[in-house]
Amino acid sequence: MRLMQVEPGDMESIARAREALEQISMHASLSAAARETLAAAALAMRDATHDAETLNRIIADASRAIEAAMRGTLEDAVRATSVQASERRSPSNRASLPHAVRQPQRDEPLPADADRTLLRDFVTEAREFADEAQAALLALESDPDDADAVNTVFRAFHTIKGTAAFLGLDRIKVLAHHAESLLERIRKGAAQCAGVHADLALRSVDLLRALLDAVDAGLDGAPVRLPDGYDVLLEQLAAPETATAGRALSDGVAGPRRDDAREMPSAAAREMPSSGSRPRTPERDAKNTVRVRTDRLDRLIDLVGELVIAQSMLAQDEAMRAGGHHGLSRIIAHAGKLTRELHDLSMSLRMVPLKGTFLKLARQVRDLGQKTGKQVELVVDGAETEIDRHMVDAIADPLMHMVRNAVDHGIESPAEREALGKPRTGVIRVSASHAGGSVVVELSDDGRGLDRERITRKAMDAGLIAPDHALTEREAFELIFAPGFSTAQAVTDVSGRGVGLDVVRRNIEALRGRVDIESAPGQGTRFLLRLPLTLAVTDGMLIRVGAERYIVPTAHIQMSFRPERGMLSTVVGRGELVMLRGELLPVVRLHRLFGVEGAVTDPTAALLMIVGDSQRRTALLVDELLGQQQVVAKPLGSGIDAVPGISGGAILGDGRVGLILDVGAVVTIARHTPTTEHATHVSRSVA
Amino acid sequence: MTTTAIPTPATASERRRAGKYLTFFLAGEEYALEILAVNEIIGVQPITRVPRTPPYVRGVINLRGKVISIVDLRAKFGLEPATVAETVIIVVQVHGVPMGVLVDRVSEVVSIAEGDVEETPSFGADVETDYLLGIGKVNGRVRLLLDIERVLSTQDICQMPSIADLQSE
């Protein structure tokens, strides 16, 4: 096959050549790699700024690739373009690949002629490939014979290699090339994807990410830093059998055999039997997806949110409510239905499955298991549960933290477990599901559970509670969320520095979610995270206090009722309590907290709203419930610093701004004012 | 790709003070702020009070779907509260975020040349002048040129100098 030579200004032939390339690149008889190479070439030709020489070179590269592909030697196809590319960028790198980068410069700028848009796309895409490769590698650990998974990793590195070569990113190309060679050997059965090889492959993924980060930073003008360990890893990749880093140390065996694998700490993710018996290799569904910039998506969702409000303002307009405009009302009602549908649809655009987050956890469990010498398995369920993209990012850290805690504090060492009659391998379960408009993420382990005694002792040592203070089980568990609390006996590399669950709780509450904890000694601990589906829309209850209106997130409301005189008691003149089903709860007068004038001050003429989670319940005194409403939460604007007790604002149906109550903060404020301290004291003596 | 370029705030001394200014009245005195900082002028609308904020924060309003905060300049400058309701909110851009400023009434847009601007004289420790770019004198009228970014991004201003003080100089 021969492609034409083109003149610089001859846009028509360029366009024709590009079309031809694009067509060929879609030809099914070619392998995926060849198709990708051609597609990349076609993409590059779109950039009209190339001079004739560059264009001809691209075309020459492409035609070489086609020829090679037709001969059926795929490998050559990519090599043809890679070598071309490296010659083009840096003539000195002409020698064989590993030697060419022996002495690379530490920092270097991006190639001056690099197409930034292409580079950015590449970074995004390559990161996805890295995630996929890592997922597949972890799956391989539990089933080293999974040929699909090996292929996925191979394909990932292979594609990255091709594109990196095309873009002149030599370091990435060289790394990908070596990783690919390693995978090739595994693929052909010359090596097992376990032990040293698995470790090297995973470290290649890590290094690839670091390289991508460096390119990303380079795009913003920073010099492209060479990540630490690049040279070392390349050498080890070239001769995997001699590698002694990572787990090879703990094995003491180079080139592990199949039966060793059982003895090694394994932390592969496997799906629960209910959701498929085999680990599924991630499939790319490129054809049916469109990549959209997130800021555009966010803007769209914002606009739709405003449309919903505008629509409801229209529907509630005086003129409409007065009646007499039947035709118009019908149209408005119809528009309202469409608006709601549009709203639901636009919200779903930003929903992503939790899978990615869970995969990261699997990797973390694996690494932590190795570090601590424990055998841990992560069982994942409901990874397809979808949640707002912003939420995914926001819960990643808290989840990681909790997993780290579970491995470090929860799971016992294999010997200890054996002595207790438990299986040597501990199990950490993470599952997600939708429940009543929120997402519930559950994280449990079958480790030693929370030690109430030790927690209490530790808290006394740290001065968090008074000595000889008897705590209920619930109160004791609550302590592990206190700032500066850690029960780890030794400060390890992994945890025990006392920066801990308090941050987790704060983060989750900032997302308008909550954390519950259950634990049984010797049987393990269970954390229950309840999160709203999205941060953008909150289901709220509109309440009135005096002339002011507030929105209370429905997720936090347990019940509302008008109290009778006999249920209320006052302590030391100020602290108020309400007795509800045998439990005494502190009463927070919202009008007093927020300084609202003209509110109902007699509780028996107002309402008490019970808010909070099972462990920290509080009664809020409000005048009236005005009804439920979905609101789009917005920040309060600059000039207003974080207001304690208020988490944001929302535009109400009448166009005014309503303030959203931060229930967690209100409960905390209530518990830290002196009046309620009396209250807790009394409640204890009564109980 | 659309990016909104936000000019980095320069300090009062290095900023060029010549240019167009929007002038407004506050307790009988005329102030001016750079027209470039002004987004729009809107009528007063229902303001939602935000509890536990300083007294000069009047609250928040809905500006076409955006929640923006409203600062009462009289309260901020320690002036008497208005006897009649204010009529105008000037929406300004501070560090890229819109904010509303409640004033008595808007006067006019004037061009002020560098030569029309005088340095702010010192009034002693009680009176703060950091928030002034200078004193503008055009057509015999004296206006206090406000560094609005500084005014709005600082917590408290004890007292602003009054034009009466200036004229007694």
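Good morning. I begin with strand β18 of chain A, residues 616-622, which is mostly covered, as five of its seven residues are buried. Buried means that 20 or more other C-beta atoms, placed from the backbone, lie within 10 Å of the residue's own; exposed means 12 or fewer, and partly exposed lies in between. Strands (E, at least two residues) and helices (H or I, at least four) are DSSP runs, numbered from the N terminus.

This is a predicted model, in which local features need pLDDT of at least 70 and side-chain atom pairs count only at pLDDT 80 or more, while totals for chains, interfaces and linings use all residues. Residues are numbered from 1 along each chain as its sequence is written, and chains are lettered from A and ligands numbered from 1 in the order in which they are written.

Strand β16 of chain A, residues 583-589, runs parallel to β18(A), and three bridges join them. Strands pair if DSSP finds at least two bridges between them. A:Val587 has A:Ala619 of β18(A) as its bridge partner.

I turn to the nonpolar cores: sets of buried Ala, Val, Leu, Ile, Met, Phe, Trp, Tyr and Cys residues joined through C-beta atoms within 7 Å. The largest holds 90 residues, of which A:Leu137, A:Val153 and A:Ala201 touch the most other members. Helix α6 of chain A, residues 116-142, gives this core its largest share, 13 residues. A second, separate core of 84 residues includes A:Ile309 and B:Tyr131.

Finally, A:Glu453 lies in helix α18 of chain A, residues 452-461. Why is A:Glu453 exposed? Because 10 other C-beta atoms lie within 10 Å of A:Glu453.
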